[in-house]
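Please open the structure in your viewer and keep the selection panel at hand.

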Amino acid sequence: MNQPEISFELFPPKRPDGIEALLRVADKLAGFDPAFISVTYGAGGSSRERTLGVTSALAEIAPAAGHITCVGASCAEVDKVLEEYWAAGVKRIVALRGDPLEGIGAAYAPHEEGYAYADDLIRGAKKIADFDVSVGCYPETHPEARGLQDELDNLKRKIDAGADRAITQFFFEPEIFLRYRDAAADAGIDKPIVPGVMLQPNFKGLQKMAGLCGAFVPLKISQAYEGLDDDAPARDRATIDLVSEICTRLVGEGVNAFHFYTMNKSAIAMEVCRNLGLNKDRRAA
Ligand code: FAD
């Protein structure tokens, strides 16, 4: 089996004393020689300083990518963060619009002096520096998209603006990803569509997230976690097995890159990587 390219996603800890622990997680994941490890940007830019701090520290350990959103901020404010990323050695970004400040489902209105959508943000970022740019995409369509064509038109705008790859929202049915990948190729999208793979072992949390972003949760997934509410190790094991099965199926369909939503834990991600034939000492090799 060819070894797929991988990337990992972390979120900034709420308290400053969580940074050291998070960097230890990152260090373990870095052993798998990821293309990058990314750090999310809190809703509405709420974690700006923490994201900047963690991403800059992470850049010392591994290729780091800083997420950035444009919701609720002027272009000047966003540009300042981008300049700080670049100065700290963070040469990769995940460029996003962000959700409305009132929460998912509320009407979105661009900031009066801001970048309106992710494609505008990419054009702005590229004026600052030649960032490697990832963007988000949605196999089950973005909640605001009017359908698949609208979703793909928007993704095409982002690729045309300079995105290097698109990372998907999480999903559970491999076929959902594969249909989207093929539809994107048919729409002339020639950059990689990387499956975003969720490693959340807390099924209640997983259901909540899936509800918010519109991801279909098949019965098979609910059944795998049934009766495990009070058994964390069994839930971890179920997550590893389910995710490994999804990834293996995708590799069989020619998928050669994965982005893991790690929930800031290393153990599940590491086990899934091993199941994909990846070696934790790849970095040194
Ligand atoms: P866009 O691509 O800008 O588009 C969103 C919707 O806006 C489109 O579906 C379309 O309906 C509409 N639209 C786009 N362009 C136009 C236009 N020109 N005219 C009219 N309508 C238009 N959120 C965070 O807050 N922080 C994070 O760190 C974060 N990380 C993420 C990582 C990944 C991999 C993914 C998939 C999502 C992430 N999100 C994050 C969530 C993301 O911010 C939301 O999904 C948001 O609602 C959409 O962002 P986008 O960049 O995909 O939006």
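What volume does the second largest cavity have? In this predicted model, the second largest cavity has a volume of about 50 Å³.

**Stop 1: the second largest cavity**

Coloured by class, the lining shows five nonpolar residues, three polar residues and one charged residue.

**Stop 2: the largest cavity**

In total, the model contains two cavities of 30 Å³ or more. The volume of the largest cavity is about 120 Å³. Select Phe171, Phe172, Met198, Val243 and Ile246: of the 13 residues in the lining of the largest cavity, these are the closest to its centre.

Next, display the secondary structure around the largest cavity. Two or more lining residues are contributed by each of β8 (196-198), α8 (219-225) and α9 (232-252). Of the elements, α9 gives the most to this lining, namely four residues. A colouring by class gives ten nonpolar and three polar residues for the lining of the largest cavity, with no charged residue.

**Stop 3: the ligand**

Now select the ligand and the residues around it. The ligand is surrounded by 22 residues, and the closest are Tyr41, Asp99, Tyr138, Asn154 and Lys158.

- Asp99: an N or O atom of the side chain is 2.5 Å from an oxygen atom of the ligand.
- Tyr138: a polar atom of the side chain lies 2.7 Å from an oxygen atom of the ligand.
- Lys158: an N or O atom of the side chain is 2.7 Å from an oxygen atom of the ligand.

On its own, the ligand has 990 Å² of accessible area, and the protein covers 84% of this. Select β3 (64-69) and α5 (148-160), the elements that give two or more residues to the shell around the ligand. The largest share is that of α5, with three residues. By class, the shell comprises nine nonpolar, eight polar and five charged residues.

**Stop 4: the whole chain**

The chain has ten helices and nine strands. Its radius of gyration is 18 Å, close to the 19 Å that the globule rule gives for 285 residues, and the chain is therefore as compact as a globular protein of that length. Oriented along the principal axes, the C-alpha atoms of the chain fill a box of roughly 50 × 40 × 35 Å.

Notes. Residues are numbered from 1 along each chain as its sequence is written. This is a predicted model: local features need pLDDT of at least 70, side-chain atom pairs count only at pLDDT 80 or more; totals for chains, interfaces and linings use all residues. Side-chain values use heavy atoms; hydrogens and water are left out. On a 1 Å grid over the protein atoms alone, a cavity is a set of points where a 1.4 Å probe fits but cannot get out, and a pocket is an open set with protein on both sides within 12 Å along at least five of seven lines; lining residues have an atom within 4 Å of a point. Grid points are joined across faces, edges and corners, and a volume is the space filled by probe spheres set on the points. Ala, Val, Leu, Ile, Met, Phe, Trp, Tyr, Cys and Pro count as nonpolar, Asp, Glu, Lys and Arg as charged, and the others, Gly among them, as polar. A residue is near a molecule or strand if one of its heavy atoms lies within 4 Å of it. A polar contact is a pair of N or O atoms within 3.5 Å; within protein, one must be able to donate a hydrogen and the other to accept it, and residues adjacent in sequence count only if both atoms are side-chain atoms. Accessible areas come from the Shrake-Rupley method with a 1.4 Å probe; for residues, only the protein chains shown count as cover. The radius of gyration is taken over C-alpha atoms; the globule rule is 2.2 Å times the number of residues to the power 0.38.
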